[in-house]
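I opened a new structure today and kept notes as I went. The entries below follow the order in which I looked things up.

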Amino acid sequence: MSKIGKNIKKIRNIRGLSQQAFADLFSLSRGNISSYEEFRAEPKIEIVLRIANYFGIPLEEFIEKDLSVNDLLHYNTQLVLDANKLKIAQQLLSIPYLPALYIEEYLIKYNDLDFIRQLPTITIPTNSKLKQLAVEIENPDVLPAGYDFSNGDILICEEVVKENIHRINGKFGIMINTEGIRFGIYKEQKKNITLNLNEWVTYPFTLESEAQYWVLRACYSQY
């Protein structure tokens with residue numbers, strides 16, 4: 001049996017894509033993606049080629065190799081390269097790391113968003129020029145539906161600012177204020193943006209507020 005289904009699931013987790021969002025990239029249904037990941041079906045070869053090309057993964061490795069998180073973080077979305085001829089340089093950057101056990105402690109201790117400056121750091125490969133933050137997942141039940149993150153997974157998030165606000169619609173996001181941390185999906189309607197946990201729970205979004213907003217870039221998952 002090929003490793004395609006398992007690799008698709010890992011790609012989704014790292015890129016912060018729901019099954020539906022992943023399916024939309026390739027004009028498939030959520031059911032198609034679910035069947036691949038659960039090994040109930042294998043995608044046609046033309047679909048395999050499209051997925052591998054989109055994420056810049058060598059075809060043989062995508063089919064036969066149980067790709068690691070490090071493998072997938074070094075492939076380049078929408079960029080097909082011969083790794084023997086060209087290497088994409090990524091800088092290593094130390095970013096603040098918010099452990100799940102200390103989220104409330106930090107918020108209570110500092111009572112403002114300066115607590116982020118007091119956090120421990122972790123080092124990641126990145127080519128982003130914007131601020132980033134690592135957040136550990138403690139309770140997947142507080143996350144929006146469709147995301148298969150587990151306890152201990154670490155989300156790598158990029159700060160939402162004017163320069164990238166046009167790219168957040170439909171993506172997994174985080175809001176942090178002095179009351180705590182909230183998760184959801186950014187939704188844009190009539191030029192207004194909200195962060196939605198579900199159809200009943202919605203958080204306001206404005207860059208002029210004291211809250212900080214982050215959008216998911218990658219995920220280091222526990223396997």
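**Entry 1: charged pairs**

I began with Glu-37, which forms a salt bridge with Arg-12; their closest N and O atoms are 2.6 Å apart. I count a salt bridge when a side-chain nitrogen of Lys or Arg is within 4 Å of a carboxyl oxygen of Asp or Glu. The pair links distant parts of the chain: Glu-37 sits in helix α3 and Arg-12 in helix α1, 25 residues apart. Helices here are DSSP runs of H or I with at least four residues, strands are E runs of at least two, and both are numbered from the N terminus. I checked burial next, and both Glu-37 and Arg-12 are buried. For this I use relative accessible area: buried is under 20%, exposed is over 50%, and partly exposed is in between, with a 1.4 Å probe and protein chains only.

I noted the ground rules before going on. This is a predicted model, in which local features need pLDDT of at least 70 and side-chain atom pairs count only at pLDDT 80 or more, while totals for chains, interfaces and linings use all residues. Residues are numbered from 1 along each chain as its sequence is written, and side-chain values use heavy atoms, with hydrogens and water left out.

How many salt bridges does a search of the whole structure find? It finds six. In one of them, the side chains of Lys-10 and Asp-66 meet at 2.7 Å, N to O. Lys-10 lies in helix α1 and Asp-66 in the loop between α5 (59-64) and α6 (69-73), so this pair ties together parts that are 56 residues apart in sequence. Lys-10 counts as buried at 7% relative accessibility. Asp-66 counts as partly exposed at 34%.

I also looked up Glu-158, which forms a salt bridge with Arg-167, with the closest N and O atoms 3.7 Å apart. Glu-158 is buried at 3% relative accessibility. Arg-167 is partly exposed, with a relative accessible area of 40%. Salt bridges that share partners also join Lys-6, Lys-10 and Asp-66 into one network.

**Entry 2: helix α1**

I returned to α1, which covers residues 4-15. Its 12 residues reach 16 Å from first C-alpha to last, close to the 16 Å expected at 1.5 Å a residue. The expected span is 1.5 Å times one less than the number of residues. Is α1 mostly covered or mostly open? It is mostly covered, as nine of its 12 residues are buried. Among them are Ile-4, Ile-8, Lys-10, Ile-11 and Arg-12. Just after α1, Gly-16 takes a positive phi of about 70°.

**Entry 3: the cores**

Which residues touch the most other members of the largest nonpolar core? They are Ile-8, Phe-22, Ile-51, Phe-55 and Phe-62, out of 28 residues in that core. A nonpolar core is a set of buried Ala, Val, Leu, Ile, Met, Phe, Trp, Tyr and Cys residues joined through side-chain atoms within 4.5 Å. α1, α2, α3, α4 (45-54), α6, β1 (91-98) and β4 (154-159) each supply at least two residues of this core. I followed Phe-22 and listed its contacts (heavy atoms within 4.5 Å). Leaving out residues up to four places away in sequence, Phe-22 touches Ile-8, Ile-11, Arg-12, Leu-17, Ile-33, Ile-51 and Phe-55. A second, separate core has 20 residues, including Leu-98, Phe-149, Leu-216 and Cys-219.

**Entry 4: strands and turns**

I moved on to strand pairs, where DSSP must find at least two bridges between the strands. β5 (residues 172-177) and β6 (residues 180-189) run antiparallel and are joined by six bridges. Asn-177 has Gly-180 of β6 as its bridge partner. β5 and β6 form a hairpin with two residues between them.

β6 also pairs with β7 (residues 192-196), in the antiparallel sense over five bridges. Gln-189 has Asn-192 of β7 as its bridge partner. This hairpin also has two residues between its strands, and Lys-190 in the turn has a positive phi of about 55°.

**Entry 5: two loop residues**

Ser-27 is in the loop between α2 (19-25) and α3 (30-37). Its phi is near 55°, a positive value in a residue other than glycine. Is Ser-27 buried or exposed? Ser-27 is exposed, with a relative accessible area of 67%.

Phe-39 lies in the loop between α3 and α4. Phe-39 has a positive phi of about 60°, although it is not a glycine. Phe-39 is partly exposed, with a relative accessible area of 40%.
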